[in-house]
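Subject: A structure for you to look at

Hello,

Here is the structure I promised to hand over. Please open it next to this message, and then read on for what turned up in it.

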Amino acid sequence: MSGTEAHLPELVPVLSRGKHRSPRQGACFMELASYLAGERWSDHPACTHPLLAALARDVNDYSSDAGRSRLARLIPSVIGLTGDDLHIDARIALLSARMALPVAAAPRQQVMAVAVLACERVLAGLDGRPEGWLDQQSRAALAQTPQAARWARGFTGTAAISAKAFRRHSAPATVHAAVQGIAQACVPQPDQMLCDLLASAIGECAARCGRPSGPSTSRDTTMLAAAH
């Protein structure tokens, strides 16, 4: 038996929906991350930025069983990705809103369009850009849903949002609504979209935290293969 195999747990949990009291009942994405990080069994481990962890939990829960198994390779990449920079919250929420905006049902498109504008406003304040400035990807996403974009601009006006309120309420609500919108959208491969969203958010967070989202160790790879 190899050293890697010798240190694997007796029972490798399989990824499944929801919260689990112990590995014997299964594991969600973040619970398995907590184990790999050497933390107490939890779906809210300290090793991962809270909003990235929230996104991972939602993607885990809204993916199909087949789609969820493909998420396992991403688990080691979230370990150690955390920080207090509000850019992280704003970028993750913006990525989520932009991906959901073109495919979500019409009422949710309005919510996502508002979220895009709100995230851009927060980022403009952080980076010293003029109010109303949008990057090219945000402009392109809004252009695909002109009615929702028009409604969102009228709804948001010049209302300001505090950093505290954005981090505690707006960003988590945006991420949850975006994942739900993608999962329920009439698109060929919602699971792949959700996986791509999580992978993009991990990359964004890694860049902000100053480290690459590197490959897993051989121990992690062996364990995650069993968790599929």
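Among the contacts (heavy atoms within 4.5 Å) with a separation of 6 or more in the protein chain, 71% join residues 24 or more positions apart. Before going further, please note that this is a predicted model, in which local features need pLDDT of at least 70 and side-chain atom pairs count only at pLDDT 80 or more, while totals for chains, interfaces and linings use all residues. Residues are numbered from 1 along each chain as its sequence is written, and side-chain values use heavy atoms, with hydrogens and water left out.

The protein chain has eleven helices and zero strands; helices (H or I, at least four residues) and strands (E, at least two) are DSSP runs, numbered from the N terminus. Of its 228 residues, 47% are buried, where buried means under 20% relative accessible area, exposed means over 50%, and partly exposed is in between (1.4 Å probe, protein chains only).

Next, the core. A nonpolar core is a set of buried Ala, Val, Leu, Ile, Met, Phe, Trp, Tyr and Cys residues joined through side-chain atoms within 4.5 Å. The largest one holds 60 residues, and Phe 29, Leu 52, Leu 55 and Leu 198 touch the most other members. Elements giving two or more residues to this core include helix 2 (29–36), helix 3 (50–62) and helix 10 (190–209). Leaving aside residues up to four places away in sequence, Phe 29 touches several residues, among them Leu 15, Ala 56, Ile 75 and Leu 198.

Now for two helix pairs. Two packed helices are described by the angle between their axes and the distance between the axes. Axes here are lines fitted to C-alpha atoms, for helices over the stretch in contact, and angles run from 0 to 180 degrees between N-to-C directions.

Helix 6 (residues 106–127) and helix 9 (residues 163–183) pack at about 140 degrees, with axes 10 Å apart. They are therefore oblique to each other; angles under 35 degrees count as roughly parallel, over 145 as roughly antiparallel, 65 to 115 as roughly perpendicular and the rest as oblique. Where they meet, helix 6 brings residues including Met 112 and Cys 119, and helix 9 brings residues including Phe 166 and Ala 177. That contact divides into seven nonpolar, three polar and one charged residue. (Ala, Val, Leu, Ile, Met, Phe, Trp, Tyr, Cys and Pro count as nonpolar, Asp, Glu, Lys and Arg as charged, and the others, Gly among them, as polar.)

Helix 9 and helix 10 cross at roughly 155 degrees, and their axes come within 8 Å. This pair is therefore roughly antiparallel. Val 179, Ile 182 and Ala 183 in helix 9 meet Pro 190, Met 193, Leu 194 and Leu 197 in helix 10. By class, the contact has seven nonpolar, no polar and no charged residues.

Is Glu 120 buried or exposed? Glu 120, in helix 6, is buried, with a relative accessible area of 1%, and its contacts include Arg 98, Arg 129 and Trp 133. Thr 156, in helix 8, is buried at 15% and touches Val 114, Leu 117 and Arg 121, not counting residues up to four places away in sequence. Val 14 lies in the loop between helix 1 (3–6) and helix 2, and at 43% relative accessibility it counts as partly exposed.

Enjoy exploring!
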